[in-house]
Amino acid sequence: MTGNDDSAEFRATDLVIGYPGLDDPVIDGETIEVPPGEITALIGPNGSGKSTLLGGLANQIPPDDGTVLVDGREVASMESKELARHLGLLAQQNTSPDGISVENLVERGRYPHQGFFGSSTPEDEQAVDDAIELAGIEHLRERALDSLSGGQRQLVWIAMVLAQDTDVLLLDEPTTFLDLHHQLDVMTIVESLRDDSEMTVVVVLHDVEQAARYADNVVALRDGRVHAHGSPADVVTADLLADVFGVDAAVLDTEYGRKIVPLDPLDSRESEEAGE
Ligand code: ADP
Ligand code: MG
């Protein structure tokens, strides 16, 4: 715990994360502070290491070096079920058993809370009901997951990690490929987790404007390195869009928040040489 704040402390120091067969680690010695009870957005171009970093933070890809602390405890030293009671990860791609119902998938989120025989308690049932309600999918409860649209399915996956009832939640591009309505559904849920449940959320967002709008903090990755971090106002700038995303963009502060108008792709070789 940090001072008088009940939200989970979450910090990664000198993280090194790679894959077998790669010569160099993808993330090579980065330190990430995730302020408790806030929304931290991770942005960066394709292949910049966002999913790798999230996987490392959740110990899904065990880091080669460095430490990840949740509430002062080292993630790598926790047994997987115990870790899953503190920290939930919704990956970028998820596979489900054929024919599973919405309710049964959400119930799977309770697994880390259950004993060896997996019998569910009234507390489990309450957590499942609460998650289904918060995700707004009550009307889909009996449906087969396979029969749903992509947007509906994403809300079900989110309900599953909500049922897990963790202090820290990591979401990898939960809004990518969703229609506008479902994007707003997802981001509204994320906001309410922060505001009503004091959750600490790290969310990878493909949409930089969405990051500027919803996040309290933005971490921008480029080539596996933290290029910038801070408030959206400080991080989401025309310079950042040029340096990190390789685009010339107009950045406008409007009554609807910060808006980005991408104008032209920059020649990446030119901008890299200019930066040398
Ligand atoms: P992002 O999520 O930002 O698009 P990723 O973390 O998926 O980026 O990928 C970062 C780098 O790691 C890329 O160069 C990618 O090719 C590499 N990478 C990702 N997954 C694997 C894997 N399973 N094996 C080897 N390399 C991988
Ligand atoms: Mg990714």
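Let's start with a pair of helices: helix 4 passes helix 5 in a crossing that is right-handed. Keep in mind that this is a predicted model. Helix 4 spans residues 122-135, and its axis lies 8 Å from that of helix 5, at an angle of about 140 degrees. Helix 4 is therefore oblique to helix 5, since an angle has to be over 145 degrees to count as roughly antiparallel.

On the helix 4 side, the contact is made by Ala127, Val128, Ala131, Leu134 and Ala135, which meet Leu155, Ala159, Leu162 and Ala163 of helix 5. By class, that contact has nine nonpolar residues, with no polar and no charged ones.

Helix 5 (residues 150-163) also packs with helix 6 (residues 180-197), at an angle of about 15 degrees and with the axes 9 Å apart. Helix 5 is therefore roughly parallel to helix 6, and this crossing is right-handed. Here Gly151, Gln152, Gln154, Leu155, Ile158 and Leu162 of helix 5 meet His182, Asp185, Val186, Ile189 and Leu193 of helix 6. The contact of helix 5 with helix 6 has six nonpolar, four polar and one charged residues.

Now for the ligand. The residues surrounding ligand 1 are Tyr19, Leu22, Val26, Pro45, Asn46, Gly47, Ser48, Gly49, Lys50, Ser51 and Thr52.

| Residue | Atom of the residue | Atom of ligand 1 | Distance |
|---|---|---|---|
| Tyr19 | side-chain N or O | nitrogen | 3.4 Å |
| Gly47 | polar backbone atom | oxygen | 2.8 Å |
| Lys50 | polar side-chain atom | oxygen | 2.8 Å |

Methods
Residues are numbered from 1 along each chain as its sequence is written. Chains are lettered from A and ligands numbered from 1 in the order in which they are written. This is a predicted model: local features need pLDDT of at least 70, side-chain atom pairs count only at pLDDT 80 or more; totals for chains, interfaces and linings use all residues. Side-chain values use heavy atoms; hydrogens and water are left out. Axes are lines fitted to C-alpha atoms, for helices over the stretch in contact, and angles run from 0 to 180 degrees between N-to-C directions. Helices (H or I, at least four residues) and strands (E, at least two) are DSSP runs, numbered from the N terminus. Angles under 35 degrees count as roughly parallel, over 145 as roughly antiparallel, 65 to 115 as roughly perpendicular and the rest as oblique. A crossing is left-handed if the near helix is turned anticlockwise from the far one by less than a right angle, and right-handed if clockwise. Contact means heavy atoms within 4.5 Å. Ala, Val, Leu, Ile, Met, Phe, Trp, Tyr, Cys and Pro count as nonpolar, Asp, Glu, Lys and Arg as charged, and the others, Gly among them, as polar. A residue is near a molecule or strand if one of its heavy atoms lies within 4 Å of it. A polar contact is a pair of N or O atoms within 3.5 Å; within protein, one must be able to donate a hydrogen and the other to accept it, and residues adjacent in sequence count only if both atoms are side-chain atoms.
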